[in-house]
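Work through the exercises below with the model open. Each task is followed by a stepwise solution.

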Amino acid sequence: MELVAIFIIPILAGGLSMLPTGRRLAAPITLTATAIISALAVAVALDASRAGHVSAPGEWLTCDGLGVLVLVLVAFVGFTSALFSWGYIAERIRHGSAGNLQRYYGLYNLFVLSMLAVPLLANVALVWIAVELTTLLSAFLVGFEDTPEALEAAWKYVILTTLGAVFALLGFLILYWGSRVAGFHPFTWQGLVEAAPHMPPALLWTAFLLILVGFGTKVGLVPMHTWLPDAHSQAPASICALLSGVETTTVLYVILRLFPIVGSAPGLDAKPWFIAFGLVSVGIATLLLITVHDFKRMFAFSTVEHMGIILVAAGLGGMDAHLGTTYQMAAHAIAKSFCFFAAGITVMAVGTQEIASVRGLIRSSPLSASALLAGGFAIAGAPPFAVFVSEFVILKAGLASGQYVAIGILAFFVVVAFCAVMYHINLMAFGLPDRDQPAVVIPASCKATLALASVPLLLIGIYVPSPLEHLLQMAATAMGG
Amino acid sequence: MNSSFFQVISALDALTGALFLLTALGFVATRQVLASLQLFIMQSLLLALSAGLIGIALDSIHLLAVAAITIATKTLMIPWLLRRTVGAEVYRTREIERVLNIPSSLLLAAGIIVLAYVVAYPLLGAVKVPFEQINLPLGIAAMFLGAFTIVVRREAVPQLLGLLAVENGVFFVGIAIAPELPVIAELAAAVDVAVIALVVGLLTRSIHRRVGTTAVGRLSALRER
């Protein structure tokens with residue numbers, strides 16, 4: 001029942017936000033809806049940890065460990081970002097942004113719905129459509145500021161990720177063909193795992209590569225990442241938090257679903273491809289992190305880096321590495337959304353995204369400086385934050401299974417990326433301000449968001465509650481050994 | 001089902017496929033936006049025709065429905081949406097700005113078709129069914145040509161039509177390899193295609209309003225310095 005409600009609530013909230021009389025109500029309605037969805041997602045997670053998986057009547061909606069993890073992350077960031085939007089978007093509009101408030105919240109609800117649908121839908125063809133809708137529904141949110149740059153970013157985002165998705169569609173059709181050749185199995189993730197050993201290997205392999213490259217475009221894997229820093233830096237901060245924090249993870253989830261499918265076919269091995277794609281993404285993103293000039297772009301490149309790390313971790317194989325994978329997914333979603341909230345209030349305080357023009361932020365705006373520092377440490381992977389722990393788990397699992405070369409390269413780039421991120425943030429936070437900044441009032445809802453989002457940020461590196469630990473283990477199990 | 005009937009349908013489908021590929025080549029060669037749109041409509045009709053032929057051969061009502069959905073969305077709804085959102089761009093007669101000239105584009109296109117056969121070959125070796133032998137390599141070739149069009153065009157509407165041509169190529173393969181995909185998926189995909197056209201059309205209009213041009217290939221404010 002919760003699964004059906006998760007589908008209906010965003011549609012209702014989106015519709016109500018668009019009502020002609022609802023201008024003042026759009027933000028509270030969206031916040032309430034996302035709060036209810038978060039509560040429902042937690043309820044689903046608790047059910048799933050008892051029963052293994054949850055499904056709605058008719059088997060259209062279903063959710064196992066890995067799906068529940070993505071569901072909870074999307075719901076959580078959907079909620080914090082809605083809270084952040086309340087003050088932030090009103091402020092943007094007051095400062096002359098041409099965006100339309102009600103259209104923002106209408107699309108916001110539907111965008112969140114499309115991301116929630118990806119882990120919930122049982123039929124794989126419908127999962128493809130949900131992924132495609134995440135792009136189409138967020139296009140105008142990326143272009144919300146209506147500046148030439150924002151529109152350019154939105155254009156590249158839509159054209160390139162849709163092109164990728166269409167190539168992935170061919171992959172899914174070939175998977176369907178393969179499962180039909182193998183005998184009739186339902187076109188679900190579980191059905192595909194069962195059908196895979198009987199499929200002609202050429203079909204399965206072609207489908208895997210098409211989906212890896214096609215959806216890899218949307219995840220931001222190098223060399224298909226070129227649109228990502230543009231879209232993730234030009235969108236409003238609240239949307240960046242969703243794009244970087246959970247949209248990439250949601251699409252990566254679909255790629256991770258292929259892992260047990262390819263793994264159950266004899267003679268095929270996805271692991272080297274995951275590791276190769278992942279390491280290239282981590283490496284190139286690290287180089288870009290060193291030379292970056294814009295702090296929102298910096299966090300965007302860090303997303304490319306983290307997607308690469310998750311892919312490498314999945315490719316290492318084995319329960320320990322997969323536990324690291326799921327932990328990293330959770331840690332990244334929480335830390336990256338926090339980073340973009342911090343970047344959002346920093347832009348409010350200083351009026352620029354240029355790293356070079358921000359100095360001495362700790363004096364002119366202590367709140368945004370400390371948020372940036374906390375977010376930077378968390379995303380770069382300093383102890384005691386969760387990213388440190390998950391990266392440690394991944395490196396340890398890789399060493400235990402003897403994959404020294406991959407782990408060596410990964411560890412090197414992770415350390416360099418850490419230094420690059422902290423170098424840029426240090427420059428911004430400390431030193432003497434070049435010019436006097438007029439004091440800017442940060443909206444209360446943005447402060448509340450930072451306070452709320454910092455709780456899991458600080459906590460899950462030190463202490464993982466046992467239901468969450470169980471959830472991460474279930475998610476790792478769902479990815480296969 | 002007797003075999004001569006099946007052969008006639010196969011021959012007709014092969015002819016449709018050849019014309020389908022020709023329209024894809026036409027995208028690469030055409031100079032006008034309006035001509036691109038007309039080629040897209042023609043290509044969609046050929047897609048519907050192929051779906052209809054395979055539907056008759058396999059006795060599948062489902063594929064006939066796919067043909068009807070294709071005609072409704074791609075030859076009626078999308079041209080209407082484009083006229084509503086970016087009418088002036090489509091109907092103004094002028095040359096499309098492009099990165100490569102036509103002869104070298106066509107030369108590259110020939111290489112792309114060969115590449116499509118290389119990609120399709122292992123799949124065809126794995127499973128032998130008549131329509132797949134026709135639709136799979138031709139559809140993949142049309143996909144690659146559509147993607148190539150997006151790369152060499154600098155204008156918004158031709159890039160969108162290239163994207164829709166890629167989607168047509170995928171569906172050309174899809175009707176042969178996955179004829180019993182649930183109707184709900186087909187319907188949702190049709191809606192999805194229309195939404196792509198709508199979103200991209202509206203974006204094009206915004207870009208034209210804000211930037212004063214639809215030469216999206218020239219937008220280069222955002223890049224690494």
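A salt bridge here is a side-chain nitrogen of Lys or Arg within 4 Å of a carboxyl oxygen of Asp or Glu. The model is predicted.

**Exercise 1.** Find how many salt bridges cross the interface of chain B and chain A, and check one of them.

*Solution.* 
1. The rule finds 2 salt bridges across this interface.
2. Take Arg180(A) and Glu132(B): their closest N and O atoms are 3.8 Å apart.
3. The cut-off is 4 Å, so the pair qualifies.

**Exercise 2.** Describe the side of chain B that touches chain A: which helix gives the most?

*Solution.* 
1. Helices H4 (102-126), H5 (130-152), H6 (156-177) and H7 (183-211) of chain B each supply at least two residues.
2. H7(B) gives the most, with 17 residues.
3. By class, this side has 38 nonpolar, 5 polar and 9 charged residues.
4. In total, 52 residues of chain B and 48 residues of chain A take part in the contact.
5. The two chains bury about 4400 Å² between them, with 77% of that area on carbon and sulfur atoms.

**Exercise 3.** Compare the radius of gyration of chain A with that of a compact globule.

*Solution.* 
1. For 481 residues, a compact globule would have a radius near 23 Å.
2. Chain A has 21 Å, which agrees.
3. Its C-alpha trace spans about 70 × 55 × 40 Å along the principal axes.
4. Buried residues make up 65% of chain A.
5. Chain A holds 19 helices and 2 strands.

Notes:
Residues are numbered from 1 along each chain as its sequence is written. Chains are lettered from A and ligands numbered from 1 in the order in which they are written. This is a predicted model: local features need pLDDT of at least 70, side-chain atom pairs count only at pLDDT 80 or more; totals for chains, interfaces and linings use all residues. Side-chain values use heavy atoms; hydrogens and water are left out. Contact means heavy atoms within 4.5 Å. Buried area is the accessible area (1.4 Å probe) that two parts lose on being put together, summed over both. Helices (H or I, at least four residues) and strands (E, at least two) are DSSP runs, numbered from the N terminus. Ala, Val, Leu, Ile, Met, Phe, Trp, Tyr, Cys and Pro count as nonpolar, Asp, Glu, Lys and Arg as charged, and the others, Gly among them, as polar. The radius of gyration is taken over C-alpha atoms; the globule rule is 2.2 Å times the number of residues to the power 0.38. Buried means under 20% relative accessible area, exposed over 50%, partly exposed in between (1.4 Å probe, protein chains only).
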